[in-house]
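Biologist: Could you take me through the charged contacts and the pocket of this protein, one question at a time?

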Amino acid sequence: MDADQTANDHAVPLWRAALPGRPLTGLTVLVVEDSRFASEAVRLLCLRSGARIRRADSLRTAARHLQTYRPAVVIVDMGLPDGNGAELIARMAALRPRVPVVLGMSGDPDNEAAAMQAGADGFLTKPVESLAHFQHLILSSLPPEAQPTGLRVVNSDVIQPDRGALRDDLAHVAEVLSAASDTTAIDYIARFLAGVARSARDEPLEEAATALARDHSAGRALAADLARISGLVQDRLAAGAM
């Protein structure tokens, strides 16, 4: 059996009786996200909901995953290191049979329009932490034949990812900053750090990342922005990412 046939065989999830409080039992979720902190949030939400999860940190890695299996849900960050998440959303939406649920995700709510235009079924705004919202968005996007039956208890819990994943993200920023010398690297750092900061509810760091993106877009000198971000990142690493 070839990879395409294997993927097609799993295009629509087969429901079994969901465990109490785990309405996504039987689903496999692929999250395409380069931030470990944001990925950890989605992992915990899936774990609490009964879903299995796989992670890809780039468009290229996602393509390798999708060559061998077809998840029921694909969650795509809009800013990835090797391209725009809208590209992958459009490819997922065009597949036949289609992936049942395709969601966009970003720390910038302005990216929702681009995700929906590309064919997404819904959009998650970082920080992604509400169990009830996560479950509702996926369940409401599933086709009728894949919907679970019976009553569902709405869980109001909010998840809190391990801060170790945040430290990994900040260490990655520090590494990229140390070698950042071109436009692509600066664009990436501004997008990546803004998403991480929003997920961590770190307003000073988010403001610094936003200022870097704004000044870079306007063609202004970036030395002060980069120095500010570097200092904030190093402070948080020294403090254990708080």
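This is a predicted model: local features need pLDDT of at least 70, side-chain atom pairs count only at pLDDT 80 or more; totals for chains, interfaces and linings use all residues.

Biologist: Which kind of contact joins Lys126 and Asp77?

Modeller: Lys126 sits in the loop between β7 and α6, whereas Asp77 belongs to strand β3, 49 residues apart. A nitrogen and a carboxyl oxygen have to be within 4 Å of each other to count, and here the N to O distance is 3.0 Å, so that the side chains of Lys126 and Asp77 meet in a salt bridge.

Biologist: Which residues are linked with Lys126 in a network of salt bridges?

Modeller: Besides its contact with Asp77, Lys126 forms a salt bridge with Glu33, with 2.9 Å between the closest N and O atoms. Because Lys126 lies in the loop between β7 (122–125) and α6 (131–141) and Glu33 in the loop between β1 (28–32) and α2 (36–49), this pair ties together parts that are 93 residues apart in sequence. Glu33, like Lys126, is buried. The residues linked with Lys126 in the network are Glu33 and Asp77.

Biologist: How many residues apart in sequence are the parts that Glu129 and Arg201 tie together?

Modeller: The side chains of Glu129 and Arg201 meet in a salt bridge, at 2.4 Å from N to O. Since Glu129 lies in the loop between β7 and α6 and Arg201 in the loop between α8 and α9, the parts that they tie together are separated in sequence by 72 residues.

Biologist: Is Arg201 buried or exposed?

Modeller: The cut-off for an exposed residue is over 50% relative accessible area. Arg201 has a relative accessibility of 57%, and therefore it counts as exposed.

Biologist: Which helix gives the most to the lining of the largest pocket?

Modeller: The largest pocket holds about 530 Å³ of space, and its lining is made up of 29 residues, with Asp108, Asn111, Ala190, Arg191 and Ala194 nearest its centre. Both α8 (183–199) and α9 (203–217) supply at least two residues of that lining. With nine residues, the element that gives the most is α8.

Biologist: How many charged residues does the lining of the largest pocket have?

Modeller: Arg191 and Asp108 are among the residues nearest the centre of this pocket, and Asp and Arg belong to the charged class. By class, the lining has 10 nonpolar and 10 polar residues, and the number of charged residues is nine.

Conventions
Residues are numbered from 1 along each chain as its sequence is written. Side-chain values use heavy atoms; hydrogens and water are left out. On a 1 Å grid over the protein atoms alone, a cavity is a set of points where a 1.4 Å probe fits but cannot get out, and a pocket is an open set with protein on both sides within 12 Å along at least five of seven lines; lining residues have an atom within 4 Å of a point. Grid points are joined across faces, edges and corners, and a volume is the space filled by probe spheres set on the points. Helices (H or I, at least four residues) and strands (E, at least two) are DSSP runs, numbered from the N terminus. Buried means under 20% relative accessible area, exposed over 50%, partly exposed in between (1.4 Å probe, protein chains only).
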